[in-house]
Amino acid sequence: MIAKDTAPFSAADAEFDIVNVSRRDFLKNLALSGFVLAAGFPDALLADAAETDSELKKYGADAMPHGWVDNPLVFVAIAEDGSVTIICHRSEMGQGVRTSLPLVVADEMEANWLQVTVKQAPGDEAKFGNQDTDGSRSTRHFFMPMRRVGAAARHMLETAAAAQWQVPVNEVKAELHRVVHPASGKSLSYGDLAIAAAKLPVPERTSLRLKNPAEFRYIGKGNLNIYDGRDMVSGNSQYGMDTRLDGMLYAVVARPKVLGAQAKRFDAAKALQVPGVLQVVELPSSPLPADFHPLGGVAVVATNTWAAIQGRKALSVEWTDSPHAHYDSADYRKQLEAAARQSGKVVREQGQVDQALQAASQRVSAEYYAPHLAQAPMEPPAATARIVNGHCEVWACTQAPQLSRERVAKWLKLPEERVTVHVTLLGGAFGRKSMPDYLIEAALLSKAMRGKPVKVTWTREDDLQHAYFHTVSLERLEAGLDTDGKVQAWLHRSAAPSISATFGPDSKHQMPAELGMGIINLPYAIPNIRIENPEAESHTRIGWFRSVSNIPRAYAVQSFVAELAQTAGRDHKEFLLDLLGPARRIDPRELNDSWNQGESPLSYPVDTGRLRRVIETVCGQAGWGRNLPKGQGLGLAAHYSFVTYVAAIVQVVVAEDGKIQVPRVDIAVDCGPQVNPERIRSQFEGACIMGLTLAMHSEISFKNGAVVQDNFHDYPLLRMDEAPGEIRIHLLPSDAYDTPLGGIGEPGLPPIAPALCNAIFAATGKRIRQLPIRDQLMPD
C-alpha cells in the first residue's frame with residue numbers, strides 16, 4: 001500500500017501512470033497495491049469519438065492540445081482506509097483551482113470532503129489532457145469531465161456494494177463516503193469497497209448518471225474553505241521559490257537589458273572573489289524572434305542566492321548592439337498615434353461608415369493610450385533543475401508544465417519522457433509563468449554544473465525588466481451621431497504590437513484572438529461599423545497578461561461610450577443600453593470573428609440580454625443616479641470577455657489636490673453556473689484591486705531599448721489607503737448546470753479602469769485618455 005502523504009509526485013506517482021498498461025492489468029495492479037482508481041473509459045471509445053469528430057471544427061477544451069481527459073483512473077485513488085486522493089492537473093496561482101475542480105469530483109462521487117486529499121499533477125499532457133492554466137479555462141473546460149470522473153467512481157463503488165449484497169445496483173446508493181442499501185439497512189464504507197470496485201469493468205461514458213443539481217453537496221454552495229488555505233496563511237505552502245534539494249546550488253543571471261543584445265565579453269574575476277560564488281557560466285543567446293527562449297547572458301552560481309546576487313553585481317559584462325536599442329516609449333507613442341490616424345487593415349466592416357460619418361449631425365473622436373504592463377507576480381519566476389542519469393527533473397511555479405517539459409527537453413537534447421516538470425504552488429502569475437524561459441535557464445545551469453540541482457531565482461528587478469510585457473496600445477475611436485443623439489457610425493483603429501511578434505519577426509498585425517477581445521465582437525446595435533488594425537512593430541517580448549487585450553479595449557470603448565453619452569446629453573446607463581439594443585444572441589461569426597475566446601459560437605453566442613442584465617443589476621445595486629457631493633462621482637463600464645458578462649460601477653472621491661479615494665465598487669457578474677461562488681467573489685475582488693492598480697499607477701516604459709522601471713518604488717501596487725472601502729460582488733444566479741460556464745479569472749479586470757475614469761469625469765469634468773492616471777488630476 002502506498003501511504004498518502006503531501007509530498008510532491010515522485011516515484012509513488014507511477015501508480016497513476018497508465019501509459020502502455022492495459023486497463024485490466026492496471027486495475028489488477030492497483031488492487032494488489034490496495035488502491036482503487038474508480039473507473040475508466042476504453043481507449044477504443046475515445047479513439048472512435050476522436051475519429052468521428054476529426055473533420056469537425058473543435059472548440060473549447062476539444063481544440064486544445066490533447067484536449068481533455070475524464071478517465072478516473074488518472075484522477076482518483078481510494079485507499080483501504082477510505083481516504084480519497086484527487087489529482088488537480090491545473091496550476092494553482094491563487095484562483096482556487098485546487099479546490100474547485102476536486103470538489104466537483106468529490107461531489108459527484110459522494111466523497112466526504114474531509115477525507116479528500118488533493119495532489120498536484122506533474123506536466124504530462126498525454127495523460128492529463130491540456131494543462132495550460134490560462135485563458136480562464138480551467139473550470140470552464142473541465143467542469144463536465146470532472147463530473148464524469150466523479151460519477152464513474154460512484155458507479156463503480158455502488159456496483160461493488162450491490163454485488164456483495166447480491167441486490168440490484170439500482171437498490172443501493174452512495175451517500176457521503178458510504179454505499180447504503182436502504183431496504184436492508186446495510187452500508188459499507190468506500191474503504192471497504194476499494195479493492196472490490198477495482199476489479200469491476202469500467203463504465204462507458206454514455207452510461208453514467210450525473211447528479212441532479214438539487215443533489216449537489218458542494219457545487220454552487222460556497223460552503224468549503226480553500227483546500228490549502230491554512231498552509232498558505234501559515235507559511236507551510238511550497239512555492240517555486242521554496243524548493244530545497246540536497247546539495248542545491250543557487251544562481252542568478254545577468255541578462256541583456258535590450259532585447260536582441262548578447263554578451264560580447266565579460267570579466268568574472270571580481271565575481272569569483274565574492275564568498276560563496278562557485279562558478280560563472282555564460283548562457284547561450286538565441287536569435288530573434290524571442291519565442292520562449294531564455295534571453296541568454298552570464299549566470300553566477302553560488303552556495304546561496306545572496307552570494308549569487310553579489311557576484312552578479314561584481315561582474316563586468318559588455319553587451320553587443322541590438323536592433324531594438326533605440327526603442328523609446330515616448331517616441332513610439334507618437335508612431336502609434338500616427339498609425340492610428342491613418343487607415344489600417346480592415347478586420348470588420350458593416351454598412352457604409354464613411355458615408356454615415358459624413359452625414360452625421362455630430363462627429364466625436366478620441367484617442368486612448370495604454371502603456372506596456374508587467375505582470376509583477378508577488379513571487380517572481382523561480383525554477384530548480386536536477387539532471388541525474390540522463391533524466392532532468394524541474395520544480396517550478398509554472399502555468400505551462402507540458403510546454404516547459406517540451407522546451408527543456410529540446411534545449412537539453414533529451415527525449416521528452418526523460419524530463420519531469422513538478423508544479424509547485426504559484427505565488428501569482430497573471431500570464432508571466434506561461435513562458436518557460438526560466439525553467440530552461442535552470443536546466444542549462446544544472447547541466448553546466450554536472451547535474452547538480454540548481455535553483456535560478458529571478459529578483460524583482462529581473463522580473464520587471466525582462467518580462468513578457470503586455471502590449472502598449474493606441475486606440476482611436478470616431479463616431480457619428482444623428483440629430484436624435486443616436487450613433488449611426490463607429491470607426492475603431494487599434495494600433496498595438498501583437499503577441500505573435502514574439503514568435504515571428506514580421507508580425508505587425510494583431511492575431512484574431514487579440515482582435516476578438518473587445519473590438520471585433522463589439523455587440524452594439526450600430527448600423528455602420530468598421531474596425532481597423534494598423535501596423536505596429538514590436539521591440540520587446542510581448543506576452544500574455546491577465547485579460548490580455550481586453551484591458552485597453554474596454555478602457556477605450558467604455559470611456560468613449562461615456563463621452564458619446566455626454567455629447568448626446570443623455571444618462572450614461574440609458575445611452576449604453578440603447579447602444580446594446582434589444583436583447584439578442586449574436587453569432588460571433590456574423591461579426592467576422594470566429595475566435596470567440598476559443599468557444600463554440602453556438603454554445604457561447606454573444607448574448608446582449610445578459611450584458612443588459614449585468615448593467616441593470618449593477619446600476620440597481622450601486623444606486624446609479626443618486627446625488628453625490630461635489631468632487632464625487634459614479635462611473636459605469638461593462639465588458640464581455642472569456643464568455644462572461646461583467647459590469648462595474650466605481651464610486652470615486654477626488655480631492656482638491658488630485659488624490660483619489662474609492663469608497664465603493666460594485667461589480668455584477670453573469671458567468672452562468674457557478675461551481676464555487678466564494679472563489680468567484682475572491683477572483684473579482686482581486687481583479688478590482690489589480691484593475692485599480694493598473695489604472696492609477698502601472699506603466700512599463702523603455703529608454704534606449706531598456707526598461708526604465710526596476711522595482712515597486714517606480715512600478716507601485718495599490719496601497720491600502722488607496723484600496724476601495726468596500727467591494728460588492730453581485731453574482732447573477734444560475735442553476736442550469738447543463739449550460740456552458742463562463743471564465744472567472746480574467747473578466748473582472750477590463751471594466752475597472754474605464755469605470756474609474758468615467759467616475760473621475762463625473763466628479764471633476766476631466767476626461768482621462770491615457771493610463772496610468774498618476775498625476776493627471778493634480779491642479780495646474
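Predicted model: local features only at pLDDT ≥ 70, side-chain atom pairs only at ≥ 80, totals over all residues.
**Entry 1: His 572**

Next I looked up where His 572 sits. I found the residue in helix 18, which covers residues 572–580.

Then I wanted to know which residues His 572 touches, leaving aside neighbours within four places in sequence. My list has Gln 558, Val 561, Ala 562, Ala 565, Trp 624, Leu 636 and Asn 758.

**Entry 2: the whole chain**

I stepped back to the protein chain and noted 21 helices and 28 strands. Its radius of gyration is 27 Å, close to the 28 Å that the globule rule gives for 780 residues, so I can call the chain as compact as a globular protein of that length. Along the principal axes, I read a C-alpha trace spanning about 80 × 75 × 50 Å.

How much of the chain is buried? I noted 62% of the 780 residues.

I also checked contacts between residues at least 6 apart in sequence: 78% of them join residues at least 24 apart.

**Entry 3: surface and charge**

For the accessible surface I wrote down about 30100 Å², with 49% belonging to carbon and sulfur atoms. Last, I looked up the charges: the chain has 81 positive and 89 negative ones, and their mean positions are 2 Å apart.

Definitions and conventions:
Residues numbered from 1 in each chain as written. Heavy atoms only, no water. Helix = DSSP H or I, 4+ residues; strand = E, 2+ residues; numbered from the N terminus. Rg over C-alpha atoms; globule rule 2.2 N^0.38 Å. Buried < 20%, exposed > 50% of the residue type's maximum accessible area, 1.4 Å probe, protein only. Contact = heavy atoms within 4.5 Å. Areas by Shrake-Rupley, 256 points an atom, 1.4 Å probe, with all protein chains shown as cover. Lys, Arg positive; Asp, Glu negative; His and termini not counted. Charge placed at Lys NZ, Arg CZ, Asp CG, Glu CD.
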